[in-house]
Amino acid sequence: MPFADRKHRRTQRSAPLLPKDHGGGEFDGASFSGAVFNLSTTIVGAGIMALPETLKQLGAIPGLMAIILAGMLTYKSIEMIIRFSRAAKTGSYSGLAGDAFSGAGRNLLQFCIVLNNLGMLVVYMIIIGDVLSETWSQGVHHTGVMEEWFGLHWWTTRCSILLLTTIFVFAPLISFKRIDSLRYTSALSVALAVVFVVIIAGVAVIKLIVGSIGMPQLLPDLVDQAAFWKLFTTVPVLVTAYICHHNIHPIENELKDPSQMKSIVQTSITLCTSAYVATSFFGFLLFGNQTMDDVLANFDGDLGIPFSSLLNDIVRVSYAIHLMLVFPIIFFSLRLNIDGILFPHAIPIAYDNRRFFSVTLCLVAFIFMGANSIPSIWDAFQFTGATATVSVGFIFPAAIALRDTHGIATKNDRVVSWIMILLAVSSSTVAICSDIYSAVKDSWVKTPELYL
């Protein structure tokens, strides 16, 4: 028996693998389409908004190639996870890490997933507050959609909107004990992402036809050595855009036919890569060198076409709703992994209502307080992307394949694994050093007396 099942096996008592439906019938397994929607929603979160900036850094041609390559590497890493999990006879990502690297590996992976997911959910809640209520940037007040529409009231303030969203949107959705129960909200989330792609492509095409868009930058502008090293900071952004490894096993475990998982991953990554390529290309084509780190911020002014204000509101509101629907999907694996760290030998959390709702309440409270306390999101997002995210997405799958405790790794597995580790370690190191250098530089500019 593998380590993961030998040491961390949880007593299932006489209960079935999954709880019964509230309607009284047995759950006979998730469908192919439901799994595709859930996995696609896991992938397409806030990362899509940072991809046009990736093209600004790399140039249009290398940038699009990097997005496609990241999708291919993500598929390969997930394929290895699925294949090695079946060899290890384990039904969780942390169980696979435990099989390869014992308890220390299992706990480290769970910690990385918790750090990654907590960071993402805090960022999502902050963005929702920024879009619907208000935000301050460099001393400038940016009004949110609700404040623009209804004026300043107690229920349009940032804290009130986030509290109401948590109570009436997040609370019902995160109370489901089965990830397949989120398939309809995930389908709506994917549809809203498509709406954003269609709008940004439509605006770009219209402006291209009237001749108000110039030729985009095709190659990176390497003006100095710092510009070259900055290219590596795009890798964590790309990994963050495709991260979904923490939900592979929860989705697979609920499938009516688990052998479909490989096709589900192929379909989801193809769908998301297509959306990423379109968003990146048309976003960079539309805004050019004015493309911001978060392209959503570009939809805060005149787009230069009729109904510009209406389109801006549609983009911002649909994106906020999209993030609300992504939230419970990411929260699902967060809850599983934090429970695995705190209660490694207990029965599954779905069978213990008191533990289920206690963990859920504590996590939501922590995320809510974090979203109302952290002033800036992007530095934290870059840090988690350069550490926990690349570990979950690239380093752990590659390390498990290279460890090869069951002797099933191919030569291709080993080559791709070394490529992923090299990309992850080098880019993360450069990204972290770049962030530290930028922070120190900004501090020097603001308070030079501290360094004299």
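Helices α4 and α12 are roughly antiparallel to each other, because angles over 145 degrees count as such. The angle between them is about 165 degrees, and their axes lie 10 Å apart. The model is a predicted one. In it, α4 covers residues 60–88 and α12 covers residues 261–287. Their crossing is right-handed.

From α4 come Ala-60, Leu-64, Ile-67, Ile-68, Gly-71, Thr-74, Tyr-75, Ile-78, Glu-79, Ile-82 and Arg-86. From α12 come Met-261, Lys-262, Val-265, Gln-266, Ile-269, Thr-273, Tyr-276, Val-277, Ser-280, Phe-281 and Phe-284. Sorted by class, this contact of α4 with α12 holds 14 nonpolar, 5 polar and 3 charged residues. An α-helix has 3.6 residues a turn, so residues three or four places apart point the same way. Keep that in mind when reading the two lists.

Next, the lengths of these helices. α4 has 29 residues, so at 1.5 Å a residue it should span 42 Å. Its end C-alpha atoms are 42 Å apart, which agrees. α12 has 27 residues and should span 39 Å. The C-alpha atoms at its ends are 38 Å apart, and this agrees as well. Just after α12, Gly-288 takes a positive phi of about 55 degrees.

Now follow α4 to its other partner, α5. Helix α5 runs over residues 93–132. It packs with α4 at an angle of about 65 degrees, with the axes 10 Å apart. The two are therefore roughly perpendicular to each other. α4 passes α5 in a left-handed crossing. Here Ile-81, Phe-84, Ser-85 and Ala-88 of α4 meet Tyr-93, Leu-96 and Asp-99 of α5. These residues divide into 5 nonpolar, 1 polar and 1 charged.

What lies between α4 and α5? A loop, and Lys-89 is in it. Most residues other than glycine have a negative phi. Lys-89 has a positive one, near 55 degrees. Is Lys-89 buried or exposed? Lys-89 is exposed, because its relative accessible area is 63% and the cut-off for exposed is over 50%.

Phe-307 sits in the loop between α12 and α13. Its phi is near 60 degrees, again a positive value in a residue other than glycine. With a relative accessible area of 65%, Phe-307 is exposed.

Go back to Ile-81, in helix α4. Ile-81 counts as buried, because its relative accessibility is 1% and buried means under 20%. Which residues does Ile-81 touch, leaving aside its neighbours within four places in sequence? They are Tyr-93, Leu-96, His-245, His-249 and Pro-397. Take His-249: it is 168 residues from Ile-81 in sequence. In space, the C-alpha atoms of Ile-81 and His-249 are 9.3 Å apart.

Ile-248 lies in helix α11, residues 248–253. At 0% relative accessibility, Ile-248 counts as buried. Setting aside neighbours within four places in sequence, Ile-248 is in contact with Leu-39, Ile-78, Ile-82, Met-261 and Val-265. Among the residues in the contact of α4 with α12 are Ile-78, Ile-82, Met-261 and Val-265. Ile-248 and Ile-78 are 170 residues apart along the chain. Their C-alpha atoms are separated by 7.8 Å.

Helix α2, residues 32–43, crosses α13 at roughly 100 degrees, and the axes come within 9 Å. α2 and α13 are therefore roughly perpendicular to each other. Asn-38, Thr-41 and Thr-42 in α2 meet Leu-325, Val-326, Ile-329 and Ile-330 in α13. By class, that makes 4 nonpolar, 3 polar and no charged residues.

Finally, step back to the whole chain. The chain has 16 helices and 2 strands. Of its 452 residues, 52% count as buried. Consider contacts between residues at least 6 apart in sequence: 81% of them join residues at least 24 apart.

Notes: Residues numbered from 1 in each chain as written. Predicted model: local features only at pLDDT ≥ 70, side-chain atom pairs only at ≥ 80, totals over all residues. Heavy atoms only, no water. Axes fitted to C-alpha atoms, helices over the stretch in contact; angles between N-to-C directions. Helix = DSSP H or I, 4+ residues; strand = E, 2+ residues; numbered from the N terminus. Parallel < 35°, antiparallel > 145°, perpendicular 65-115°, else oblique. Left-handed = near helix turned anticlockwise from the far one by under 90°. Contact = heavy atoms within 4.5 Å. Nonpolar A, V, L, I, M, F, W, Y, C, P; charged D, E, K, R; others polar. Expected span 1.5 Å × (residues − 1). Buried < 20%, exposed > 50% of the residue type's maximum accessible area, 1.4 Å probe, protein only.
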